[in-house]
Amino acid sequence: MSYGVYIHIPFCKKKCQYCDFPSWEGKEDLMSAYTQAIVKEIEAQEPFLAKAGPASSVFIGGGTPTVIPITQLERIIDAVRENIPLDPEAEFTVEANPGTVTLEHMTALYTMGVTRLSIGAQTFENDILERIGRIHTAQDIKDAVRWARAAGFTNVSMDLMYGLPGQTMKNLVDSIGSAMDLAVTHISVYGLQVEDGTPLKAKIEAGEITLPTDEETEAMYDYVVNNLPPYGFARYEISNFARDGFESRHNLGYWSDKPYIGFGAAAHSYWGGRRTENLRTPEEYIASIERGESPARPEEPSTPEIQMAEFCFLELRTVRGIDREQFEKRFGCTVESVYQKVIDDLKLKELLTSDEKYIRLTPKGMKLGNVAFRAFLL
Ligand code: SF4
């Protein structure tokens with residue numbers, strides 16, 4: 001059975017203005033105990049995973065994995081290699097925040113067998129980077145990619161954002177141009193989401209920050225979707241574009257109903273159709289591991305209807321779409337037997353299309369993804 005492994009490092013140098021992820025600044029004193037706890041959690045799963053067979057991908061994300069001392073990252077990677085059987089071709093990604101890495105860092109990661117770096121750039125405009133609370137400059141992004149290449153990495157992904165405060169179309173075009181100049185192999189492009197409880201939301205409500213208009217943001221989305229393919233980046237998921245052969249195997253697993261196991265605070269697992277989430281804060285997580293308890297908690301009990309809807313909207317995120325055969329194998333009935341009316345309605349609105357094997361979003365459906373996803377929640 002093929003599955004993914006996710007490891008969460010919940011520390012950041014400084015919290016970004018828009019971020020509501022489970023990540024914290026100012027908790028450096030917990031890093032060492034946290035590393036020990038993750039190693040213990042991984043070791044505890046060794047007998048179970050030995051039976052499950054080799055993992056096809058490992059993803060160390062955050063937070064900022066590269067903010068913890070490299071010796072601690074090394075302990076975690078060693079624990080993975082010693083306790084989890086890995087496919088010889090396994091993709092091994094580490095997220096790296098420019099401003100927390102050096103050439104030595106990159107070289108160490110490469111030597112440890114990391115095969116892919118995911119660099120959180122967001123934009124190459126220094127004033128916008130500062131406004132959204134990023135800790136790095138455009139030059140730091142360029143240095144990070146240059147060092148990654150010098151260390152030996154050939155698979156380098158970059159995250160960019162659109163709809164940022166003060167961002168213009170020209171800024172976005174320039175940022176994509178800069179990413180192309182750096183010859184990255186994969187790009188994830190996300191629209192800014194203004195989340196409740198974030199400093200960004202408070203500043204917008206106080207009138208201190210303004211965002212591009214809806215029309216400007218939509219034009220930026222259109223630019224991304226229309227202009228990355230001519231550069232050789234095929235869209236394979238709503239927000240993800242890759243050169244041929246550089247699609248993220250780990251993320252494709254999330255969108256195609258593959259099981260995954262998560263380690264660390266707030267990490268999610270999906271195994272045997274059951275979803276669990278680890279205790280959210282590093283303090284709670286460390287304490288539970290130190291007591292010898294499992295940090296995993298079951299997520300909301302799921303009904304077959306919810307499982308079917310989740311299956312559909314995760315697969316719909318990909319350009320391939322819902323695999324009819326897989327759906328039938330998993331649920332014992334055809335997609336149409338459950339969703340015929342939804343499919344017909346969405347086709348009428350030109351959001352959905354289908355062929356013998358797959359049901360997928362149209363380009364318009366990709367743009368209005370949430371409308372289509374909601375329709376599957378019967
Ligand atoms: S670096 Fe990432 S995880 Fe950390 S605060 Fe910024 S957006 Fe959140």
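**View 1. Domain 1 and domain 2, and what lies between them.** The centres of domain 1 and domain 2, taken over C-alpha atoms, sit 28 Å apart in this predicted model. The domain assignment puts domain 1 at 4-255 and domain 2 at 304-375, with bounds from an automatic or database assignment. On the domain 1 side, 11 residues are in contact with 10 residues of domain 2 (contact being heavy atoms within 4.5 Å). Together the two domains bury about 920 Å², 57% of it on carbon and sulfur atoms; buried area is the accessible area (1.4 Å probe) lost on putting two parts together, summed over both.

**View 2. Helix 7 against helix 9.** Helix 7 (residues 169-181) packs on helix 9 (residues 214-227) at about 25 degrees, axes 10 Å apart. Axes are lines fitted to C-alpha atoms over the stretch in contact, with angles from 0 to 180 degrees between N-to-C directions, and helices are DSSP runs (H or I, at least four residues) numbered from the N terminus. So the pair is roughly parallel (angles under 35 degrees). Met169, Leu172, Val173 and Ile176 of helix 7 meet Ala219, Met220, Tyr223 and Val224 of helix 9. By class that's 8 nonpolar, no polar and no charged residues (nonpolar: Ala, Val, Leu, Ile, Met, Phe, Trp, Tyr, Cys and Pro; charged: Asp, Glu, Lys and Arg; polar: the others, Gly among them).

**View 3. Helix 1 beside helix 3.** Axes of helix 1 (residues 31-44) and helix 3 (residues 70-83) come within 9 Å, crossing at roughly 5 degrees, which makes them roughly parallel. Their contact divides into 7 nonpolar, 5 polar and 2 charged residues.

**Notes.** Residues are numbered from 1 along each chain as its sequence is written, and side-chain values use heavy atoms, without hydrogens and water. Local features need pLDDT of at least 70 and side-chain atom pairs 80 or more, while totals for chains, interfaces and linings use all residues.

How values were computed:
Helices (H or I, at least four residues) and strands (E, at least two) are DSSP runs, numbered from the N terminus. Angles under 35 degrees count as roughly parallel, over 145 as roughly antiparallel, 65 to 115 as roughly perpendicular and the rest as oblique.
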